[in-house]
Each structure stands twice: as C-alpha cells, then as structure tokens.
Amino acid sequence: MSDVLRVHGGRPLHGRIKVRGAKNFVPKAMVAALLGNGPSVLRNVPLIRDVDVVSNLLRLHGVKVDFDHEAGTLTMDPTNVESGQVSEIDALAGSSRIPILLCGPLLHRLGEAFIPDLGGCNIGGRPIDFHLNSLRAFGATIEKLSSGIRITAPNGLVGTQIELPYPSVGATEQTLLAAVNARGLTELRGAAVEPEIMDLVSVLQKMGAIISVDTDRTIRIEGVDELYGYRHTALSDRIEAASWASAALATKGDIFVAGAHQPDMTTFLNVYRKIGGAFDVFDDGIRFWHPGGDLKAIMMETNVHPGLMTDWQQPLVVALTQAHGLSIVHETVYENRFGFTEALRKMGTNIQLYRECLGSLQCRFAQKNYEHSAVIFGPTPLHGADIVIPDLRGGFSHLIAALAAEGTSTVSGVDTISRGYEHFKQKLRQLHADFEEID
Ligand SMILES: CC(=O)N[C@H]1[C@@H](OP(=O)(O)OP(=O)(O)OC[C@H]2O[C@@H](n3ccc(=O)[nH]c3=O)[C@H](O)[C@@H]2O)O[C@H](CO)[C@@H](O)[C@@H]1O
Ligand SMILES: C=C(OP(=O)(O)O)C(=O)O
C-alpha cells in the first residue's frame, strides 16, 4: 500500500460515505473483554490500525480473537489469559496508547502486567501520572523498566477514592477497568464523561459491573467478583464524522456521512453552523455541505466533553482558513496541537500562533511557553505543496487542505491516517476526489 498520495485539489468532495465504530471506544471495549469469564462479541468494528494493534496485544495474552472485517464483528475469547512474552509485547511499543489500559484487567486475571512504552499522536507530553497514581491507590506496585513498566498486585486490587486533577479520558477508563473487579467501593471524582466513556460503562454494565455516573463528574463503582462476556454494538466515530464534515466545508462540497450521530456531536454542529456550514440530520446519518456564500470567522476553544473536542480542532482549522475575517482557536486540552499549521502556512494560509490563552479560559498552559492559541486570517486561497503528515488528525487535515487547494500536492506518510480512518482512500474515491497513489 502506497504511503504517498499525489492530490489534485480544487474540486468539491461530494457523495456518501459511512463511518463505523469509534476509534476511541472500540479498543477500550476490546480491553474490557479481558475481564469476562467467557467470549464477548463487539459489532460495528472498523478496520483501523489501532484495532489491529489491540487484537495482537490480546492474542499475545492468550485471548482468541476473530475479526470478520466485512461484517465488522469481533469475537474475543479470554478463557485462557496468560502473561505473554515480554519481548513479543515490547515489539508493540510505540504503536498506540491503549496498552496502558490493560493494567487493571491483567492485574485481576494474573496479578501482574508488563506494559510497553506507549505510542499515540505527538501533540503534547502525554504523561501517564494520573493512570499510575490511580493504580497505586488500588494497591498496585509499579516498577519502571528500561522499556515499559511492570505492575504487580499480589494481594489484589481494593476499591478506593480517587480525584483526578483533570478529567482525563484515559485515566477515567483506567480507573473503571480496575474498579469493576476490585474489592469494595470506588469513588472517582473529576472523571471525564465523553460519550466513548459512557459506552464503555454500558459494556461493563452488560458484563455484570455496578457503576453509577453523577452529573458532577463523580463515578461510583461497586466491585463484583465475576464479570461475563458481552454483546455490544460500538457507538459511531464522531471524530471521523466531523473530519468529513470539515472536508465538505473546506472543499465547498456536500457529503452525507452515514452513521454520524447527532447527540454525540451537538457542540461540533453548533460550531459548524456558526461558521456557516449547513447540515441536515437524518435517522441514518447527517448531510454536511457548504451552502454557498462566505464562511464566517469565529472564536473557538477546545475542552473536555461536553466542550468542543480537541480532535475536531485540526480539521476545523482548515475550514476556518476559508472563512472571512479573523478566527481565534484556543487549544486547552493539549499543549502542542498546532504543529500541523506549519504545512498549512506553506500552502498559503495566514495562521499565527501565540503562547497566551486567547480565549475565555485561563487554561493549564497559561504562562508555560506553549504555542496553544492560533489566530487565522481568512480567506486565503490554498495552493498545492509537498507535505509530510505529522499525526493522525493533523494528517487528515493536511489531506483536506490538499483537496481544497488549487494545483497538485504530494502528501507523504498517509499510512498514519489508517490508525483512525477506515478505508480512507476508498472513501475519497467515493467522494470523487482526484488523487493517485505513488510508489
Ligand atoms: C485513544 C483515545 O481515546 N485517545 C483520546 C484520549 O486520549 P487520552 O486518554 O490520552 O487523553 P487524556 O484525556 O488522558 O488527556 C487529556 C489531558 O490530560 C493530560 N494527562 C492525561 C493523563 C495523565 O496521566 N496525565 C496528564 O497530565 C494530558 O497530557 C492531556 O493534556 O482523549 C483525548 C482527549 O479527548 C483525545 O484527544 C484522544 O483522541
Ligand atoms: C490524539 C488522538 O489519538 P491517540 O490518543 O490515540 O493518540 C486522536 O485520535 O486524535
């Protein structure tokens, strides 16, 4: 498969594509399957690299994994969970952020876990201190190795009280996956409540867990002795849906995104409408299009759910380069998520980065020397350029920019996009994009 695309831009994307299960949910539900005393079946699973990585990780731990790509059905049988070879597990180092979530399930099943160094997008320091503090609070002992970490809990995990300093998605999932089988009650305050986390709560409840979620970011989990296999259909990918919606806006196109689910995208849809994008919600998806006329500049600020999701920011920035006036974007979730704008500047955009918090919030990155605010002057015509993809969402955004630009662009490193976008080249063809793969 070619990792380089030659893109002939300047044509509106139009047509229909389908999004399946969420990249930020499916791998976590796969980890949850480790906790069951029998097989689990997950439906609506996309063929993306993060699913592959976690399938391999589960297999290395003795789980029998069968994936029917076409049907999107994944069957996982954890009857014979085992520790796995450290060298084989270590070969997956750097491939995804999911391995850290295996801690709780492996501690429950085996009393120990080896976790390789994590991967994921390079958009900030991405420490795991909240994860490790949470695991320690449950009674686990952590040893740092030259690569990865070893965790043990010879006496099992015990329910505890945890308050997260920031509503981290991963640390909330870590705590849930550890608490469901821990002895006694766990109270987690300051939890993240993203829709993908709520879907994980649904999976765990199907498995036999007792979990209540309050409106004030408090989650209470009563540990149980045994969990069962589950059957579940994954919620759809609201980041992929928003990415195609942004592509429709940037290319002056019209895209029906089958599978897009309005309730998980409310904040995105408000922003889309404020910019001047049009959408129409149907039972089976959402149609997104550029209605003609000028797009409007806006001020937007990313935040934890129900705020504007940080993963929506990068595709939206490309659309904002075509809006009239001055847009301000304040990124408050990651300290370093504007690296992708360098390539956009090469394509003719006028984007300036600032260390100050240019928003209504003084965020955690104030006075910390991180360029986490952007000012975009638009509209600026985009022209083709040679671009190297930096990360998943930044990469998709570069692709949108190349498709919107007049002339030809060479986009290298597109394989990164397969980590979170199923069949993206096929979907581009369905949307009449003009590009070819080059060796
Ligand atoms: C696989 C997956 O689901 N990835 C998503 C998940 O990432 P992920 O779970 O890694 O993101 P978190 O919500 O944990 O991170 C949010 C912030 O908390 C900080 N932090 C986090 C953990 C920790 O131990 N210490 C710490 O300081 C991070 O550096 C970051 O600034 O949620 C992010 C926020 O919605 C999304 O952008 C990612 O797409
Ligand atoms: C940041 C992202 O993912 P990850 O946490 O897997 O790096 C993303 O999906 O945009």
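Domain bounds here come from an automatic or database domain assignment. On that basis the protein chain divides into domain 1 (4-19 + 236-438) and domain 2 (26-233). Taken over C-alpha atoms, the centres of domain 1 and domain 2 are separated by 30 Å. The contact draws 16 residues from domain 1 and 14 residues from domain 2. On the side of domain 1 that touches domain 2, four residues are nonpolar, five are polar and seven are charged. The whole model is predicted.

Next, the chain as a whole. The protein chain has 13 helices and 24 strands. Its C-alpha trace spans about 65 × 45 × 45 Å along the principal axes. For 439 residues, a compact globule would have a radius of gyration near 22 Å, and the protein chain agrees because its own value is 22 Å. Of the 439 residues, 52% count as buried. Take the contacts between residues at least 6 apart in sequence: 74% of them join residues at least 24 apart.

Ligand 2 has its own surroundings. They are Lys23, Arg97, Gly120, Cys121, Ile123, Asp311, Leu392, Arg393 and Gly420. Three residues of this shell are nonpolar, two are polar and four are charged. Domain 1 and domain 2 both contribute to the shell around ligand 2, so ligand 2 also lies between them.

Helix α4 (residues 103-110) shows what burial looks like in this model. Six of its eight residues are buried, so α4 is largely enclosed by the rest of the structure. The buried residues are Cys103, Gly104, Pro105, Leu106, Leu107 and His108. What covers them includes α1 (26-32), β6 (112-115), α5, β8 (149-152) and α6. After α4 comes Gly111, with a positive phi near 80°.

The strands give two kinds of pairing to follow. Start with β15 (residues 278-282) and β16 (residues 285-289). These two strands run antiparallel and are joined by five bridges. A hairpin of two residues links β15 to β16. Phe282 has Gly285 in β16 as its bridge partner.

Strand β19 (residues 323-330) takes part in parallel pairing. Two bridges join it to β17 (residues 295-296), and the two strands run parallel. In this region, Lys296 stands opposite His324 in β19. Strand β18 (residues 299-301) is also parallel to β19, with three bridges between them. Met300 stands opposite Val329 in β19.

Backbone details come last. Most residues other than glycine have a negative phi, and most peptide bonds are trans. Which residues depart from this?

Asn44 is one of them, with a positive phi near 65°. Asn44 lies in the loop between β3 (40-43) and α2 (49-60). Is Asn44 buried or exposed? A residue counts as buried if 20 or more other C-beta atoms lie within 10 Å of its own. Asn44 has 21 within 10 Å, so Asn44 is buried.

Arg126 also has a positive phi, near 50°. Its place is the loop between β6 and α5. With 15 other C-beta atoms within 10 Å, Arg126 is partly exposed.

Two peptide bonds are cis. The bond from His305 to Pro306 is cis, with omega near 15°. Pro306 sits in the loop between β18 and α10. Pro379 belongs to the loop between β21 (373-378) and β22 (386-388).

Conventions
Residues are numbered from 1 along each chain as its sequence is written. Chains are lettered from A and ligands numbered from 1 in the order in which they are written. This is a predicted model: local features need pLDDT of at least 70, side-chain atom pairs count only at pLDDT 80 or more; totals for chains, interfaces and linings use all residues. Two strands pair if DSSP finds at least two bridges between them. Helices (H or I, at least four residues) and strands (E, at least two) are DSSP runs, numbered from the N terminus. Two residues are in contact if their C-beta atoms, placed from the backbone, lie within 7 Å. Ala, Val, Leu, Ile, Met, Phe, Trp, Tyr, Cys and Pro count as nonpolar, Asp, Glu, Lys and Arg as charged, and the others, Gly among them, as polar. The radius of gyration is taken over C-alpha atoms; the globule rule is 2.2 Å times the number of residues to the power 0.38. A residue is buried if 20 or more other C-beta atoms lie within 10 Å of its own, exposed if 12 or fewer, and partly exposed in between; C-beta atoms are placed from the backbone. A residue is near a molecule or strand if its C-beta atom, placed from the backbone, lies within 6 Å of it.
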